Amino acid sequence: MIQTKEIKSFFFSQYFSDGLRISLGILLPAIVMLQFDEFDLGITLSLGALCICVIDSPGPMVHKRNGMAIGNVCLFIAAVTTGFARLNVYTLGLEVTLFSFLFSMFIVYGNRAASVGTAALLIMIFMMDKELAPHEVLTYSLQILAGGVWYMLFSLVFFGIRPYRAAQQALGENVADIVKFLRIKADFYLPDTDIDDNYHKLVSQQIHVSQHQDAVRELLFKSRVMARESTNASRILVLTFVDLVDMFEQIMATHYDYAQIREKFKGTGILTEIGYTVHQMANELENIGYAILSNTRYKKLVDFTPALEQLKLQIDAIGDAQETSNLVLKKILINLRDLNKEIENIFNYYNSNSSKILIADNSDVDVSKFVTHQDYEPHVFFDNFTLDSAAFKHALRVCLVCLIGFTVAKAFALGHHSYWVLLTIIVILKPGFSLSKQRNYQRLIGTISGGIIGIAILLFVPNTNVQFTLMLIFMLGTYSFQRLNYVVSVIFMTPYVLILFKFLKIGHLDIVEERIVDTVIGSSIAFIASYLIFPTWEFEQIKTSLADVIYSNVNYLVKIAKTITGKTVTTTEYKLARKDVYVKSANLSAAFERMTSEPKSKQRNIKDIHKFVVLNHILSSYTATVASEITLKGMHKTTPDILKLVKKSINVLNETSKKLDGERKEFTGEKAEPTEELAPTLTDKLLKEQLEFISKISNDIAKIADAIVK
C-alpha cells in the first residue's frame with residue numbers, strides 16, 4: 001500500500017507535472033509542423049523550446065516569465081554569434097571560451113539566472129556543428145527564438161489555467177518531507193535504534209525539509225495571486241504552510257537526551273508506546289499530505305485522544321511507582337498533544353464548511369520578510385571579479401575546460417556529434433568539487449545504462465509505432481526525473497535521444513558508441529579539471545557556515561532573553577529568528593555532506609565538524625523547546641536563574657562566533673522583571689533543566705570550535 005501511494009504521489013507531484021509540460025512544450029512544434037510538411041522548421045522550433053525549458057524551474061510565475069524572457073534574448077544572441085563564429089575554427093574557439101565564462105558568471109544572480117546562462121550555452125553547443133550559410137544564420141536564429149518564445153507562452157498559459165496547483169503540489173511534497181523527519185524522530189524512542197546513526201539521518205532529512213520550505217515560501221509569498229488575494233484557495237494554502245512550519249518547530253522541539261531517558265525508563269515500555277504513537281501520527285499526516293497533493297478531500301481523521309489518554313495513565317503510573325520524576329514524560333505528552341492539534345488544524349482547513357476561519361486576518365505576520373530578495377544590480381556581477389569569489393573561480397574553470405573540450409573534439413574528430421563532449425562538460429561542472437563529482441558519476445552510469453536500453457530497443461523492437469511510443473515515455477521520464485533523480489533522468493534520456501536520431505535518420509547503432517565515448521571523454525575532462533583548476537573545497541568556507549549558524553542561534557536566544565525581561569517580541573520577529581536558525585542549520589548540514597564526498601586529504605576536521613553539526617541540531621531543538629514555553633506562551637515571569645542561564649549561553653556562543661570570525665549579537669543591560677516570592681513550579685524546574693542543558697551544549701560547541709580553528 002505504501003509503495004502504491006508513493007507511485008500515485010509521483011503522478012500527482014510537480015515533478016511529473018513539470019515533465020508533462022516540458023515534453024508537450026518541446027514536442028508540439030515538431031508534431032504540428034509535420035502536418036504542414038515543415039518538419040525541419042518544427043525541429044528548429046523544438047530546439048529553441050528545449051533550451052528555454054531549462055529556465056522553467058519551480059517558482060513564482062513572474063520569476064518564470066522574466067527569466068524566460070531574458071533567456072530568449074540571450075538565446076538569440078548566442079545563436080547569431082555562433083552561426084557566424086563557426087565559419088572559422090579559431091573564432092568559434094574564442095566564442096566558446098568567452099561565452100562559457102560570461103554565461104557561467106550568471107550564477108552570481110541565483111539559480112534561475114544560472115539556468116538562463118545554461119540555456120544560452122546549450123544553443124551555442126547545439127549550433128557548433130550546424131551547417132549554415134552566412135545568409136541563413138539570421139533566419140535560423142529567429143526560428144530558434146520563435147521556439148523559445150513559444151515555450152515561454154505555453155508554460156505561462158499552463159500555469160495561468162491553474163494558478164494554485166504548483167503551490168498545492170509543493171505543499172503536499174513538503175508534508176511528505178516532514179513525515180519522513182517525524183518518523184526519524186519517532187525512532188529515537190525505540191530501543192533498537194542507534195542514536196548516532198539516527199542523528200545523521202535526521203540532519204540529512206532536515207536539509208530536504210528546509211529546501212522545500214524555501215521553495216514553498218517563494219511560491220506563496222512572492223506570488224501576487226497568493227499574497228494579495230483573499231480567496232479561500234489562497235488562504236488555505238498560506239494557512240496550511242504557516243501551520244506546517246509551526247508543526248516542524250513542534251517536531252524539532254520534541255527533543256530530549258534520548259540516551260538518558262532510555263536508561264531511566266527502559267523497564268517501563270513507555271518509550272516504545274510513544275514511538276508507536278508518533279509513527280501513527282506520521283501515517284495520518286502522510287494521508288492528509290497525499291490528499292493535498294492529489295487535490296482530493298480526505299474525510300477520515302484518526303482520533304488520537306484515547307491513545308494520548310492511555311499514555312497519560314501510563315505516565316502517571318510510572319510517576320507513582322518510581323522515585324524518579326516523570327516530568328520529562330509529561331512534557332513529551334504535551335508535545336504529542338500539540339502535534340495532534342496541528343494535524344487536526346490542517347485537516348480542518350480542507351474539510352471545514354466555514355469560510356470565516358479561512359479568511360481570518362493574519363496581519364500580525366509580515367510575510368514579505370520571510371523570503372529572500374535577489375539583488376540584480378550590475379555591481380553584483382563585477383564585484384565578483386576576484387579569485388576570492390567561488391562564482392568567479394567556477395566561471396574561469398568552465399571557460400578553460402570548455403576550451404580544452406572544444407580542442408579535443410576538433411583535434412580528434414570523434415564523430416558528427418562531438419558537441420556531446422562540451423554538453424557533458426557544461427552539465428557536469430558545478431561550483432563545488434563534490435557536486436561535480438556526484439553529477440559526473442550520475443552522468444556516466446545513466447549514459448551507459450541508457451545506452452544498453454537504447455541498443456536493445458533498436459535491435460529487438462523493429463515496430464516504429466512502438467519505438468515512437470517508447471520515445472515519448474522516455475522523454476516524459478527524462479524531464480520528470482531531472483530534479484528528482486538525475487541518474488534515472490539520464491537513463492531515460494539516452495534511449496530517448498537514440499530513438500529520436502533514428503527517426504531523424506542520423507546514424508544508427510554507431511551513435512550509441514559515439515555518445516558513450518564522448519560522455520566518458522567529457523566526464524574525464526570535467527572531473528580532472530574540478531580537482532586541478534581553481535578547485536573549491538568545503539573546508540575553505542566551512543568556518544563561515546559554522547559562524548552563521550552560531551549567530552542565528554544567539555539571535556534566537558536573544559529573543560527569549562528579551563521576553564524574560566518583559567520586552568515585547570512580535571510573532572514576526574520570533575518566526576524570522578526561528579526560520580534563520582533552520583535555514584542556516586540546513587546549509588551547514590548540506591556543506592558537511594558535500595565535504596564527506598571530497599577527497600580524504602580535503603576532509604579537514606571532518607569528525608569535529610560532524611560533532612558540531614549534531615550538537616547544533618540538539619542546541620536548536622532545545623532552543624525551540626524553550627522558545628515555545630517562553631516566547632510564544634509569554635512566560636516571562638520566571639525565577640531569576642532563568643535569565644542568567646540564557647545570558648550565559650549567549651556569551652559563550654558569542655565568544656565562539658568571534659573565534660570563527662563571525663558576528664556577535666550582544667545582550668547586555670537588561671534585567672528580568674521582579675517576580676513574586678513563589679516556589680518554582682514544575683515547569684520552571686524543567687525549564688531550568690533545559691536551559692542548563694543548552695548551556696552545557698553551548699560549552700561543548702565552543703570546545704569543538706576551538707579544535708576546528710586550530
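Contact, as used in these legends, means heavy atoms within 4.5 Å. The model is predicted, with local features requiring pLDDT of at least 70 and side-chain atom pairs counted only at pLDDT 80 or more, while totals for chains, interfaces and linings use all residues. Residues are numbered from 1 along each chain as its sequence is written, and side-chain values use heavy atoms, leaving out hydrogens and water.

**View 1. The pairing of helices H25 and H26.** Helices are DSSP runs (H or I, at least four residues), numbered from the N terminus. In H25, Tyr574, Val581 and Phe592 are among the residues that meet H26, where the partners include Ile606, Phe612 and Ala627. H25 (residues 571–596) and H26 (residues 606–630) pack at an angle of about 160°, their axes lying 10 Å apart; axes are lines fitted to C-alpha atoms over the stretch in contact, and angles run from 0 to 180 degrees between N-to-C directions. The two helices are therefore roughly antiparallel, a term for angles over 145 degrees.

View 2. Asp18 belongs to helix H2 (residues 14–35). With 8% relative accessibility, Asp18 counts as buried (under 20% relative accessible area, 1.4 Å probe, protein chains only). Beyond its neighbours within four places in sequence, Asp18 is in contact with Pro58 and Arg483.

**View 3. Helix H3 and its cover.** Among the buried residues of H3 are Gly42, Leu45, Leu47 and Ile52. The elements covering the buried residues of H3 include H2, helix H4 (61–85), helix H6 (111–127) and helix H7 (134–161).

Key. Buried < 20%, exposed > 50% of the residue type's maximum accessible area, 1.4 Å probe, protein only. Parallel < 35°, antiparallel > 145°, perpendicular 65-115°, else oblique.
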